[in-house]
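Here are my notes on the model, as numbered points.

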Amino acid sequence: MITRNFRISKPYHYILFFVGLISIFLFQRLKDHSGLQSVDFLIESVAFLFFLTSIFLVVFIITKNKLTQKNSFAALYFFIFISLMPQTLTDHKIIIANGFILLSYRRIFSLETKLNMKKKYFDAALWLSIATLFYVWSILYFIPLLVTILLRPNDWVKHLLVLVFGAGSAGVSVYLFASVFGMTPSFLMFYLPKVNFDLFFQITEVTKVSIALISVMTIGSVLSLFSPLILKNSKSRNNFIVLFLMLFTGLGISLIAVNMFAENMLFLIFPLAVIMANSTQQQKFSWLSDLFLTALLSLVLLNLGLNIGNQLSLC
């Protein structure tokens, strides 16, 4: 029933998802403030702008590069994952870094057209370098970018040099800023986050159940897609090799910087949504997808109710 409603993409789907995501963002970002006087409007405005841009980038990247069929499954999963883990929106630096990573995704997936390759490699390296300035572990996303050069070995030396120039441009920009103003931009995160494994046990029960269910669905989706999309020589093979690497990179960041485990899950949501969408659209037994989606949406409602109840109890 659920899969039938979203199997064909419709404008009102995206309107509902958009309104829901903006509501979750505002609730999550403002709930910890004691009043409007404690809100840093500049930071919140920048974070909101980048989150808004991220939503449009997700839809654009998926549709432009045909990462799914003409359905709303990816947008649905993106909305569900954000709803289940609104803690991903608590750190403005990670929101901004994720926005720049998505900008790099836009260039990376468009490499499949084989047009303006050097410009796309330069832009992708530049965006990833800027993301790294905001959150140091973003540097790991250079791994999928480097793999794209191996997948397209023509002119690999030139493309590698272009990546160096793209990454160096971000460093030069920071150096010029520091030279002109006599200081390093305060928003940059050059330090490595400290590791604290106790935070695994501090997440809510609903979040634990959600992560467990999503993990089962992810394993099933990866296994079901690996043969038709990776082992076989399909048109989308290169894109999905990179997509899987992006998923594993995001997972690696979440496990490395455990003290920011919930926030780092934001990096996982885009590749997860695309992989889940492809698994759902290829699923022969629609009842199975309906069952998992029903469970996820039930957890969304439960999580929403608990968050609102907790907030009302503090008033």
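This is a predicted model: local features need pLDDT of at least 70, side-chain atom pairs count only at pLDDT 80 or more; totals for chains, interfaces and linings use all residues.

1. Helix 7 (residues 142–151) and helix 10 (residues 237–256) have axes that come within 9 Å and cross at roughly 155°. Helix 7 is therefore roughly antiparallel to helix 10, the term being used for angles over 145 degrees. The crossing is right-handed, meaning that the near helix is turned clockwise from the far one by less than a right angle. Axes are lines fitted to C-alpha atoms, for helices over the stretch in contact, and angles run from 0 to 180 degrees between N-to-C directions.

2. On the helix 7 side, Pro144, Val147, Thr148 and Leu151 make the contact; helix 10 supplies Asn238, Ile241, Val242, Leu245, Met246 and Thr249. Contact means heavy atoms within 4.5 Å.

3. Residues are numbered from 1 along each chain as its sequence is written, and side-chain values use heavy atoms, with hydrogens and water left out.

4. The protein chain has 13 helices and 0 strands. Helices (H or I, at least four residues) and strands (E, at least two) are DSSP runs, numbered from the N terminus. Of its 315 residues, 50% count as buried, that is, under 20% relative accessible area, with exposed over 50% and partly exposed in between (1.4 Å probe, protein chains only). Among contacts between residues at least 6 apart in sequence, 81% join residues at least 24 apart.

5. How do helix 4 and helix 12 pack? Helix 4 (residues 73–84) and helix 12 (residues 266–282) pack at about 135°, with their axes 8 Å apart. The two are therefore oblique to each other, and the crossing of helix 4 and helix 12 is right-handed. Phe73, Ala74, Tyr77, Phe78, Phe81 and Ile82 of helix 4 meet residues of helix 12 including Leu266, Ile269, Leu272 and Met276. The contact of helix 4 with helix 12 divides into 12 nonpolar, 2 polar and no charged residues.

6. The largest nonpolar core has 99 residues. Such a core is a set of buried Ala, Val, Leu, Ile, Met, Phe, Trp, Tyr and Cys residues joined through side-chain atoms within 4.5 Å. Tyr77, Ile80, Tyr105, Tyr135, Leu145 and Phe270 have the most contacts inside the core. Leaving aside neighbours within four places in sequence, Ile80 is in contact with Leu293, Leu296, Leu297 and Val300.

7. Two loop residues deserve a look at the backbone. Lys114, not a glycine, has a positive phi near 60°; Lys114 sits in the loop between helix 5 (92–109) and helix 6 (117–134) and is exposed, with a relative accessible area of 62%. Asp155 also has a positive phi, about 55°, and lies in the loop between helix 7 and helix 8 (156–181). At 43% relative accessibility, Asp155 counts as partly exposed. Most residues other than glycine have a negative phi.

8. Leu30 is in helix 2 (residues 11–30) and is partly exposed at 39% relative accessibility. The C-alpha atoms of Leu30 and Glu44 are separated by 8.9 Å, the two being 14 residues apart along the chain.

Conventions:
Angles under 35 degrees count as roughly parallel, over 145 as roughly antiparallel, 65 to 115 as roughly perpendicular and the rest as oblique. Ala, Val, Leu, Ile, Met, Phe, Trp, Tyr, Cys and Pro count as nonpolar, Asp, Glu, Lys and Arg as charged, and the others, Gly among them, as polar.
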